[in-house]
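Please examine the structure shown below. This report concerns its strands and its pockets.

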Amino acid sequence: MNLEAIKKSLTDTSRLRIVALHSWNKATHARLKAVLTTLIQENMIDIAIGSGPHIKEQITIVKTSQGNKILATSLGNFIHPSLSAQPNNVALQSSWSFDEQSKVFKLLQVNGIKISCDGGECVNKGIQRIF
């Protein structure tokens, strides 16, 4: 994998750029957080999503020179009714506008939708406005 080629492909701000990475353990999750944070700070992506430690972490808004970006390093466990009970998951919902002149997306709103799974059924437990 050529990381520089991937980074170059992410410079087109006329497309919403989303990167999702999965980590395997605490060490790789620390690396995942560092990579996603760097990509956001360098204006390479608009939404960064991480998964892996099976716990919900806070969704943060990162201010950059090209506007606000979303950093969600862990949304909880994979939401699936056949998995064991997982009460603390979140689905990410966002609204954006696109400025034709600057060719940049502008973040309008971010919500976290709390999802609780009991091992047989997953239920929406409410929406939290993040931005």
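This is a predicted model: local features need pLDDT of at least 70, side-chain atom pairs count only at pLDDT 80 or more; totals for chains, interfaces and linings use all residues.

## A β-α-β unit

Strand β1, residues 18-22, runs parallel to strand β2, residues 47-51, and five bridges join the two. Within this pairing, leucine 21 has glycine 50 of β2 as its bridge partner.

Helix α2 covers residues 26-41, and together with β1 and β2 it makes a β-α-β unit that is right-handed.

## The largest pocket

Rolling a probe the size of a water molecule over the atoms shows where empty space is left. The largest pocket has a volume of about 330 Å³. Its lining consists of 13 residues, and those nearest the centre are Leu3, Lys7, Leu21, Val35 and Leu39. Two or more lining residues come from each of the elements α1 (3-9), β1 and α2.

Which element gives the most to this lining? Helix α2 does, with five residues.

Strands β6 (104-117) and β7 (122-129) each supply at least two of the lining residues.

How do the residues of this lining divide, and how many are charged? Four are charged, while three are nonpolar and three are polar.

Technical notes:
Residues are numbered from 1 along each chain as its sequence is written. Side-chain values use heavy atoms; hydrogens and water are left out. Two strands pair if DSSP finds at least two bridges between them. Helices (H or I, at least four residues) and strands (E, at least two) are DSSP runs, numbered from the N terminus. A crossover is right-handed if, with the strands pointing away from the viewer, the path from the first strand over the helix to the second runs clockwise. On a 1 Å grid over the protein atoms alone, a cavity is a set of points where a 1.4 Å probe fits but cannot get out, and a pocket is an open set with protein on both sides within 12 Å along at least five of seven lines; lining residues have an atom within 4 Å of a point. Grid points are joined across faces, edges and corners, and a volume is the space filled by probe spheres set on the points. Ala, Val, Leu, Ile, Met, Phe, Trp, Tyr, Cys and Pro count as nonpolar, Asp, Glu, Lys and Arg as charged, and the others, Gly among them, as polar.
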